[in-house]
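Here is a friendly note to read beside the model. Please keep the sequence and the 3D view open as you go.

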Amino acid sequence: MYAERVLSGMRPTGSLHLGHYHGVLKNWIELQHEYPCLFFVADWHALTTQYDNPQGIEKASMDMVVDWLAAGVDPNQATLFVQSRVPEHAELHLLMSMMTPLSWLERVPTYKDQQEKLAGKDLTTYGFLGYPLLMSADILIYRADKVPVGEDQIPHVEFTRELARRFNHMYGREPGFEDKAREAVKKLGSKKARLYEEMRTRFQQNGDREAIEQAKAVLDEVQHLSMADRERLFGYLEGTGKMILVEPGYLLTEASKMPGLDGQKMSKSYNNTITMRESEESVTKKVRSMPTDPARVRRTDPGEPAKCPVWQLHLVYSNDACKEWVQQGCRTAGIGCIECKQPVIDAILKEQAPMRERAQVYLDDPTLVKNIIADGCEKAREYARETMRDVREAMGLEYH
């Protein structure tokens with residue numbers, strides 16, 4: 001019924017590291033060629049844990065957007081915007097908070113996990129409890145049907161689906177909905193109407209999700225339906241009402257395999273990162289200082305690559321011939337650790353070179369970034385306003 005649309009956001013944490021590039025941005029770059037994409041700076045989300053120290057959020061946001069552009073995110077293909085510059089996010093969040101059960105928020109898996117991880121910070125705030133609802137508003141306001149997430153974030157998408165279903169059920173019941181929906185079924189033509197009713201029965205009686213997809217495919221084939229009738233038929237199909245908010249699906253992305261300088265996952269909290277635009281001198285120094293297999297005390301001592309953090313980087317950056325050279329040379333003490341590290345250094349610098357080059361354009365003229373964000377915010381607001389018109393009307397808040 002609605003156009004395909006991908007939505008993804010990142011909290012502003014300042015300059016991004018290579019783990020962000022391999023775990024998120026490379027995926028964004030592929031997606032922008034396949035779908036209409038909206039990528040946003042989640043600055044309000046940063047306030048859920050940084051409410052007492054917000055001063056650095058604006059600069060961190062701009063640094064992060066420069067890294068997106070440096071990585072190859074294209075503002076001519078994707079819409080880049082800042083969450084707080086689209087106030088409709090806050091309005092939808094507020095309106096949905098009126099009908100969201102408290103227990104739904106408390107059962108979100110990451111709620112207690114984050115409280116434990118950030119035990120030193122007072123997180124007994126509504127902002128922190130309600131951040132899953134704000135995430136849902138971020139998705140639903142753009143009627144995004146595709147959300148790229150890691151496996152641990154799937155519960156957030158499922159939570160959003162439940163909210164959209166609850167909202168549509170509560171507020172999608174226009175006067176005479178059933179009669180109008182039945183009239184819309186007749187407009188499908190006898191063959192398609194019969195197929196639609198069969199699929200509707202299969203879903204509502206047996207919970208057959210495949211029947212939903214088949215019925216939607218039938219509706220997509222019918223070109224002469226009005227938007228209102230199309231919405232009614234989608235709602236009637238699932239036993240809800242007129243579809244106002246779209247239930248999103250998720251695009252599962254692989255967890256980043258980018259290791260840090262100590263062999264653990266690359267993370268600022270572990271202080272083991274290489275930033276995307278770090279200087280050549282700093283990258284070289286960091287990699288050369290990496291720990292290696294403890295068994296290699298002397299140059300002549302053989303080692304085992306599997307016990308060496310540098311080997312983890314070879315798995316990301318080196319081709320088969322280089323990896324064979326490393327395994328053979330390490331186990332026989334045929335190469336030293338400095339020799340082993342050099343191909344990794346060369347590969348990282350080669351990967352970073354185009355990033356530095358692209359970033360320099362925006363560093364030389366910061367107004368370019370501001371203009372990209374301003375254009376993106378205006379485009380995002382157009383989508384958001386469209387959704388909010390329907391939401392207000394459904395809730396009886398569209399005063400004329």
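This is a predicted model: local features need pLDDT of at least 70, side-chain atom pairs count only at pLDDT 80 or more; totals for chains, interfaces and linings use all residues.

1. Residues are numbered from 1 along each chain as its sequence is written, and side-chain values use heavy atoms, with hydrogens and water left out.

2. How many disulfides does the structure hold? There are 0, a disulfide being a pair of cysteine sulfur atoms within 2.5 Å. For Cys37, the closest cysteine sulfur belongs to Cys377 and is 17 Å away, too far for a bond. Cys340 is in no disulfide either, with the sulfur of Cys308 the nearest at 5.8 Å.

3. Cys37 is buried, at 2% relative accessibility, and Cys340 is buried too, at 11%. Buried means under 20% relative accessible area and exposed over 50%, using a 1.4 Å probe and protein chains only.

4. Now find helix H12, residues 209–221; helices are DSSP runs (H or I) of at least four residues, numbered from the N terminus. Its 13 residues reach 19 Å from first C-alpha to last, close to the expected 18 Å, which is 1.5 Å times one less than the number of residues.

5. Which residues of H12 are buried? They are Ala211, Ile212, Ala215, Val218 and Leu219. Seen down the axis of H12, they fall within an arc of 120°, so they line one face; the arc is taken from the directions from the axis to the C-beta atoms. The face turned away from this buried side carries the exposed Glu210 and Glu221.

Conventions: Helices (H or I, at least four residues) and strands (E, at least two) are DSSP runs, numbered from the N terminus.
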